[in-house]
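Subject: Structure handover, with notes on its cavity and a pocket

Dear colleague,

Please read them alongside the model.

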Amino acid sequence: MTELRPPQKDAYAMILEAIDSGLYRPGDRLVESELADRFGVSRTPIREALQRLETQSLLARDGRSLIVASLDHNQMSELYAVRTELEGLAARLAARHATEEEVQVLQDMVEEDRALVNDPGALARANRRFHKMIHLASHNRFLVQQLDLVHRSMALMATTSLAAQGRGEIALAEHSAIVDAIGRRDEDAAYRALRDHISVAFVTRLKLDAQA
């Protein structure tokens, strides 16, 4: 009888999630032995995961150490330029292809997230779920893959635009407008609403960084 083994933990996914959740921030040093202890895996898969993350530019070298990378102003601008267009396309395709159930999920998300308006960290996590839902509602697997890559790089930003005074309420109003356009099957309006939403978030983030 074949012995069933517990599934292997994915070191890459666990480290990526730790960066995305803010457990490790830009500039933090990642040490193989500490990561192995934290995640309960051997150092070999940790080493392989770190090499993969370095190849994807999510980690950078600081002497002999690996640290969580950070984005300079030019890199941030380039990232937002790509994100704005891809997110807009996702909204356009969602207006075309989303099921009624998916539209309802988006509407429910907007309503539920109102309770988080004074908690920037929780709202940021909810914001990622909201955008992910729009990506999935586009029903385009290749677009979803590209947006996943973009959002991984978003984790390298030290601040969230939702930390700005009043931004949470404005962002939720923008989310509501996006979902309304998707629900009306107005592709152009959905595209514009999401592009404008990302553009405002970018400007807000720049102002926060300038104040830091």
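By class, the residues lining the largest cavity are five nonpolar, two polar and one charged, where Ala, Val, Leu, Ile, Met, Phe, Trp, Tyr, Cys and Pro count as nonpolar, Asp, Glu, Lys and Arg as charged, and the others, Gly among them, as polar. This is a predicted model, in which local features need pLDDT of at least 70 and side-chain atom pairs count only at pLDDT 80 or more, while totals for chains, interfaces and linings use all residues. Residues are numbered from 1 along each chain as its sequence is written, and side-chain values use heavy atoms, with hydrogens and water left out.

A cavity here is a set of points, on a 1 Å grid over the protein atoms alone, where a 1.4 Å probe fits but cannot get out, whereas a pocket is an open set with protein on both sides within 12 Å along at least five of seven lines; lining residues have an atom within 4 Å of a point. The largest cavity holds about 40 Å³ of space, and its lining consists of Asp113, Leu123, Ala126, Asn127, Leu162, Ala171, Leu172 and His175.

The second largest pocket has a volume of about 400 Å³, and of its 14 lining residues Asp20, Arg128, Asp148, His151 and Arg152 are the closest to its centre. Its lining divides into three nonpolar, three polar and eight charged residues.

Elsewhere, asparagine 74 lies 35 Å from valine 103, C-alpha to C-alpha, although the two are 29 residues apart in sequence.

Best wishes

Definitions and conventions: Points joined across faces, edges and corners; volume = space filled by probe spheres on them.
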